Amino acid sequence: MITRIILIRLGKIGAAVAVTLVLAGAFAGCGGTGEEGAAGAGGGIDVVAGFYPLAFAAEQIGGPLVRVRNLTPVGAEPHDLELSPRDVARIHFADLVLYLGHGFQPALEDAAKQAGGRTLDLLDGLELSPNGDPHVWLDPVRYARIAERIGKALGRAAAASRFADRVKALDHEYRAGLADCKRREIVTSHAAFGYLAGRYGLEQVAVTGLAPEAEPGPRDLARVARLARERGATTIFFEPLVSRDIARTVAHAAGAEIALLDPLEGLTRDEAKRGEDYFSIMRRNLATLRVGLGCR
């Protein structure tokens, strides 16, 4: 039996964390990342994903050949991710670590850079907005590209292509569903929908910036309420993992209603129990947008 002690310093979560692992047990079987390598290892490919959209794509593409660990628990906000010593160990010994860089999950990004295995920053190579918005998965075209990169890393290009085709079909649904709308502004509590808006000719008007936990001041609320009134917005959109109070305040001032628009950073407990997934929630978002924007 081999015991190894790892010392890893995580920039955003305090001092160094010492992790002691008995390698003969829980972390045995980490092997290659191709299908033959996984079968030969006898235990499949260990994949660690930062949050739901990456974990879902890896599960769908890898199938029974992969074991995917989503580091963000159900019902939690991925921006707030903190790593336990066990999480650090999983990252270090995973066959593949999937994450988004650019500060989306700083603790994971720091740990991934020090990991002993293969890591993949899925923002690399994508066209990104100048403001550093990481919410690329809400644009089906970009999400399909992410899926293809995951498939390549797993040695599952054909499965990734099939998954990407499903995502591209979703893009066609959005193009058709949002082609003829009375309004083009998405008024949201948090600036998560910039890529979606840009893809389909919409304009995002957000109360706060990219961080959902940011507390807007009275001037922010008044500004967005004024814009909503001026542009005839009838709906203010809120998110499932953050308080809807901001949306209610703006809606009251603007004489509008509120509606749920899910940024798909993670599933709620109810969504998980119902068996919801990326596709069902994105289609629900499309239906919500069509009502809120007065689409034909």
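These legends walk through several close-up views of one predicted model.

**View 1. The whole chain, before zooming in.**
This predicted protein folds into eleven helices and ten strands. Of its 296 residues, 52% are buried. Take the contacts between residues at least 6 apart in sequence: 58% of them join residues at least 24 apart. The accessible surface is about 13200 Å², and carbon and sulfur atoms account for 50% of that.

**View 2. A four-stranded open sheet.**
Here the strands line up in the order β4-β3-β5-β6, and the pairing is parallel. β4 (66–70) and β6 (118–121) sit at the edges, each pairing on one side only. Going from one strand to the next, the twist averages 20°. Zoom in on β5 and β6 and you'll find four bridges holding to the parallel sense. As a reminder, strands of a sheet pair through backbone hydrogen bonds, either parallel or antiparallel.

α4 lies across β5 and β6, and its direction is at about 150° to β5. Helix α5 (residues 140–154) lies across β3, β4, β5 and β6, and runs at about 170° to β6.

Searching the whole structure turns up eleven aromatic pairs. In the pair of F51 and F104, the ring centres are 4.9 Å apart and the planes meet at 55°, so this one counts as tilted. The two residues are 53 apart in the chain: F51 comes from the loop between β3 (45–49) and α2 (52–62), while F104 comes from the loop between β5 (96–99) and α4 (106–113). Are these two phenylalanines buried or exposed? Both F51 and F104 are buried.

**View 3. An aromatic cluster.**
Which residues do ring pairs link into a cluster? The members are Y52, F56, Y143, F163, Y278 and F279.

**View 4. Strand β9, covered on both faces.**
In a regular strand the side chains alternate between the two faces of the sheet. Strand β9 (residues 235–238) has T235 and F237 on one side and I236 and F238 on the other, and all of these are buried, leaving both faces covered. β9 runs parallel to strand β7 (residues 185–188), joined to it by two bridges. Across from F237 in β9 stands T188. β9 also runs parallel to strand β10 (residues 257–260), this time with four bridges. Look for I236 here: its bridge partner in β10 is I258.

**View 5. The disulfide between C181 and C295.**
How many disulfides does the model have? The count is one, and it joins C181 to C295 with the sulfur atoms 1.9 Å apart. The torsion about the S-S bond of C181 and C295 is about 95°, so the disulfide is right-handed. C181 lies in the loop between α6 (157–177) and β7, and C295 in the segment after α11 (278–292), so the link ties together parts that are 114 residues apart in sequence. Both cysteines, C181 and C295, are buried.

Terms used: Residues numbered from 1 in each chain as written. Predicted model: local features only at pLDDT ≥ 70, side-chain atom pairs only at ≥ 80, totals over all residues. Heavy atoms only, no water. Phe/Tyr/Trp six-rings, centres within 6.5 Å; stacked < 30°, edge-to-face > 60°. Buried < 20%, exposed > 50% of the residue type's maximum accessible area, 1.4 Å probe, protein only. Pairing = 2+ DSSP bridges. Contact = heavy atoms within 4.5 Å. Areas by Shrake-Rupley, 256 points an atom, 1.4 Å probe, with all protein chains shown as cover. Disulfide = S-S within 2.5 Å. Axes fitted to C-alpha atoms, helices over the stretch in contact; angles between N-to-C directions.
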